[in-house]
Amino acid sequence: MVTLVIIVVVGLLTGIAIALVSRWFGVEPNPVEEEVRNLLSGANCGGCGFPGCAGYAKALVAGAAKPGACSSQCAGAAEKMAKLLGVAVVHKEPKVAVVFCSGDDMKATRQALYNGINDCRDAMIVAAGAKTCAYGCLGLGACARVCPFGAIEINEHRLAVVHKEICVGCGKCVGACPKKLIKLVPKSAEIHVHCMNPVRGPEKFKACKAACIGCGKCVKTAPEHVKLVPGAALAEVDYGNPPPEALAEVCPTHALRK
Amino acid sequence: MHKIFHFYGGVHPKESKVSSGVAIVDAPLYPLYTVPLSMHIGAPAKSLVAVGDTVLRGQQIGEPASFVSSTIHSPTSGKVKSIGTCLGPAGTQLPCVVIEADGQDTPADPLTPITDWRNTDPAILRARVAAAGIVGMGGASFPTPVKLSIPPGKTIDTLIINGVECEPCLTADHRLMLENPKMILEGVEMVANMLGVQNVFIGIENNKPDAIEVLTKEATAYTAPAIHVVPLKVRYPQGAEKQLIYAITKRQVPSGGLPADVHCVVQNIGSSCAIAEAVILGKPLYERVTTVTGTPLVAPGNWRFRVGTPYAEAIKLAGGLKEGAQIAKLISGGPMMGMTVYSQSVPVMKNTSGILLMGPDEVKQYTSKACLRCGRCNDVCPMQLMPGILSVQIENERFDDAQSWHVMDCIECGCCAYTCPAGRPLVQHMRRAKSEVGAKLRAQKAAADAAAKAKAEAAAKAAGAEAPKADK
């Protein structure tokens, strides 16, 4: 009986204390900020450059940012936000992540059997990941695990592949890849040179049958769209003037592909 | 001294020192030597030769690129075939000089032997150690001249010579102690004089009674300072710097500190021998004793290899593989801390204490299970960390937590992973966290340096702006 009384009294006192404290120190939520935040995707991907959706919403209301930086919100949401805040939308160019490697297990060799922790960044500590090509995708999925949208898949031949239609270009995977194989490129580009190894052609062809061997066929066919990387046996798509999809047909190793 | 010394934790793996009775043999000359320019901690050496140059044995081919770096010498006479990169034991590409031997093995003019070294200025001896390119030959390959130049404000009163060789399978230091005790002790006295210390200990594990006996007998001739041979309990990692200091002096190196913080310097047996050879014979460090061992080998043994010898030749020298035997794992170093290499083209370096082969029945496939919270790793961790807790934190990428749980103090000895009943890859976790936290600390330091520099520049600018006013 005494116990019950004590519990009830303590409960009442605590309740009163909480009620008073919340009245004195309570922070009024900014209704505009709340509304703006609701228009964002809530993925907290960081693609806008602010710490999470709440951070971007705060910056928007404070006038430090313009609507349109969120790449994962629904269509029309940016316009709604702009109307709400009375400012103009500044659309940024839609980007997607691309894994610049074609060397899956069918084409690229591995020089050792790695059976440690199943993560690229852990594998890098052990003999740099055991793939013969120093610029080869390890296929252990560090990028796939950090992707908040599930846009990256490790295919059956252990190569990371970005699904362009799902990717919003937030860039989280760029930092996760220990070999720095992922880059954000304009979504309008259809084909890319999926290789980043700068060494001589025959050398990398030994390690990977899908390497860009720097033969220059694509450059000769379409010099306005593709150029050779200076000092490396490597072609690079000019993202200011992306090549048409048909150009992929000239590449003998199919490093230049979709 | 009859007390047996040891430290907290540790494990006692099967010793498997099968080659301890096999005398050291000089390896024959090989046609090609791949000499890495980065056989030490610190900046890679700068190459002094060009393709096509003729080099002689012991000729300097690389010069230190910074304070923490080392000199590199040619292992034999011949022509420089190419300068490029080669695969190192850590799986990374190292800059290297490839030397095509001419078979003559013509020696270059040696460094002047300093026979009267007892009356020579320690600074000259230290310069000789640097010129001979001597690094710690136990495995970490820290440049010895850096170790011997004591930072200002630190005092050294104890020199500990590491003859522990606690790694299973390895016997190179053991053989060196048996076969060359005089040179080792000369080297020990040299280092003691360079540091000006009075307490000199040689720590040797109890499983090498013959080495203890030989060195104790020989050490009686040394009185200034007296050299004490200390038998130690057989316990891995007795040969780790901090553990050895604790076992012998009962001093604890503070977290993040160096042996100099507890007034100690630890030096390897092989390095002591190399220092003596550099001073007395004028011979630079271009060869070392390496154990080639493992169950798939016909005749495991100890050889004196020139640096740059490929592992494939070393394996051939040990009789090659037994009939039907296979290599499942090739390890540079010992089984506990050695690095698995995937190519037999990796060259012997100044810190290659062993080349170990393992058969398929010795290599267990990795199967990581959840931590059982049994606490065995806590019992064996010689740094008294909590590897189990750390590994769970690291698995969840909570590197800040791991840092506050002192992951940076981990010495990667592998006792925790050795004893873990769940087969967790604890060392790999620790190494991941150390690389992540290390990168973070380096970035913080760089940012702090940049901020300090900007502040100093701003202050200088303000002072400069004020100065003309003062003139008026």
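On a 1 Å grid over the protein atoms alone, a cavity is a set of points where a 1.4 Å probe fits but cannot get out, and a pocket is an open set with protein on both sides within 12 Å along at least five of seven lines; lining residues have an atom within 4 Å of a point. Grid points are joined across faces, edges and corners, and a volume is the space filled by probe spheres set on the points. By this rule there are 9 cavities of 30 Å³ or more.

This is a predicted model, in which local features need pLDDT of at least 70 and side-chain atom pairs count only at pLDDT 80 or more, while totals for chains, interfaces and linings use all residues. Residues are numbered from 1 along each chain as its sequence is written, chains are lettered from A and ligands numbered from 1 in the order in which they are written, and side-chain values use heavy atoms, with hydrogens and water left out.

**Stop 1: chain B**

Select chain B, which has 13 helices and 17 strands; helices (H or I, at least four residues) and strands (E, at least two) are DSSP runs, numbered from the N terminus. Its radius of gyration, 24 Å, is close to the 23 Å that the globule rule gives for 472 residues, so chain B is as compact as a globular protein of that length. The radius is taken over C-alpha atoms, and the rule is 2.2 Å times the number of residues to the power 0.38. The C-alpha trace of chain B spans about 90 × 60 × 50 Å along its principal axes. Buried residues (under 20% relative accessible area, 1.4 Å probe, protein chains only) make up 51% of chain B.

**Stop 2: the largest cavity**

Next, select B:Met137, B:Gly270, B:Glu277, B:Glu287 and B:Arg288, the closest to the centre of the largest cavity among its 18 lining residues. The space here is about 200 Å³. Which element gives the most to the lining of the largest cavity? It is α7(B), with 5 residues. The lining of this cavity has 10 nonpolar, 2 polar and 6 charged residues, where Ala, Val, Leu, Ile, Met, Phe, Trp, Tyr, Cys and Pro count as nonpolar, Asp, Glu, Lys and Arg as charged, and the others, Gly among them, as polar.

**Stop 3: helix α10 of chain B**

Move to residues 387-395 of chain B, where the buried residues of α10 are B:Pro387, B:Gly388, B:Leu390, B:Ser391, B:Gln393 and B:Ile394. After α10(B) comes B:Glu397, whose phi is positive, near 60°.

**Stop 4: chain A**

Select chain A, with its 9 helices and 8 strands. The radius of gyration of chain A is 25 Å, well over the 18 Å that the globule rule gives for 258 residues, so chain A is more spread out than a compact globule. Its C-alpha atoms fill a box of roughly 85 × 50 × 30 Å along the principal axes. In chain A, 40% of the residues count as buried.

**Stop 5: the second largest pocket**

Finally, select A:Thr132, A:Cys133, A:Ala134, A:Asn197 and B:Gln93, the closest to the centre of the second largest pocket among the 24 residues that line it. This pocket holds about 680 Å³ of space. Both α8 (201-207) of chain A and β7 (78-87) of chain B supply at least two lining residues, and α8(A) gives the most, with 4. By class, the lining of the second largest pocket has 12 nonpolar, 7 polar and 5 charged residues.

Key. Buried means under 20% relative accessible area, exposed over 50%, partly exposed in between (1.4 Å probe, protein chains only).
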